[in-house]
Amino acid sequence: MRNDILTVASELAEITRLVAADDFGATTERFVKRIVRTIPGCDDALITVRSDSGVETAQSSRDLGFDPLAPGPIVEAVTFREPRRLSDTVTDQRWPSFGTQLVNAGYRSCLCLPLSTNGDDSAVLTLLSQSADQFGESAYDVVLLLTLHAGVVFDNATLYHDNLELVHQLRTALRTRSLVGRAQGLLMRHFGYDSQEAFAALRRVSQNTNAKLRDLADELVSAHEKDDFETAVKRYVPED
């Protein structure tokens, strides 16, 4: 176990380095694979998350052959943020349907530990073994150490993902502003509008047709580039 702990320590040092090229999927995939390689007797691992949109499997080491979201220890752990352990799927009947799925998939024991994360979302790391009574107290302590660091990975990856979303939204906003500005210019030249009148016309048509302002502006600009602006204007912005 001493060598295992030293291995874990070296793995942790690398796991928590989230590089700019990584995204959430790559980071969690790397983590679960290292878990399987590091923890003695661990044959597979998965990460489950719970958010406002529901419970879902964020990552697994492979196709597990059962439904992790079926009522059982994984869903309970991620819902109540409490650890769950199923020592032997044959003798432990607390979750009979879930246990049967595990047996059919070739697993005899599992350990579910909540990850230490910030915010309202919760996450759970689950270890699976093909042997019964695999995750005893010593393994539990090592895995608990891992989950504390896994929480850092989870938060960092989520933060990175959120930052990517923010960049995407900013780019979309800039593109929208550019399109609307070009559409305004076209209407100003066609109708003799000033800037405010052109924008008011776009907004009015957007509301009347239930079309997004960005989409309307995009269509007008595209029509202009195809030398079909007159037709688009008559369809969307009829002259008074």
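Author: Start with F66 in this predicted model: its relative accessibility is 11%, under the 20% cut-off, so F66 counts as buried.

Reader: Which aromatic pair does F66 form with F98, stacked or edge-to-face?
Author: The planes of F66 and F98 stand at 90° with the ring centres 5.8 Å apart, so the pair is edge-to-face. F66 sits in the loop between β2 (54–60) and α3 (73–80) and F98 in helix α4, so the pair ties together parts 32 residues apart in sequence. F98 is buried, as is F66.

Reader: And what about F66 and Y107?
Author: That aromatic pair is also edge-to-face, at 5.9 Å centre to centre and 75° between the planes. Y107 is in the loop between α4 and β4 (109–114), so here the parts tied together are 41 residues apart in sequence. Y107 is buried, with a relative accessible area of 0%.

Reader: Different topic. Where is the mean pLDDT lowest among the elements, and where highest?
Author: Helix α1 (residues 2–15) has the lowest, 50, and helix α4 (residues 96–105) the highest, 94. Over residues 15–21 the pLDDT is below 50, though this stretch has 14 contacts in the model beyond near neighbours in sequence. Where pLDDT is low, the predicted coordinates should not be read in detail.

Reader: How many helices and strands in the protein chain?
Author: Eight helices and five strands. Of the 240 residues in the chain, 39% are buried.

Terms used
Residues numbered from 1 in each chain as written. Predicted model: local features only at pLDDT ≥ 70, side-chain atom pairs only at ≥ 80, totals over all residues. Heavy atoms only, no water. pLDDT = per-residue confidence, 0-100. Helix = DSSP H or I, 4+ residues; strand = E, 2+ residues; numbered from the N terminus. Contact = heavy atoms within 4.5 Å. Buried < 20%, exposed > 50% of the residue type's maximum accessible area, 1.4 Å probe, protein only. Phe/Tyr/Trp six-rings, centres within 6.5 Å; stacked < 30°, edge-to-face > 60°.
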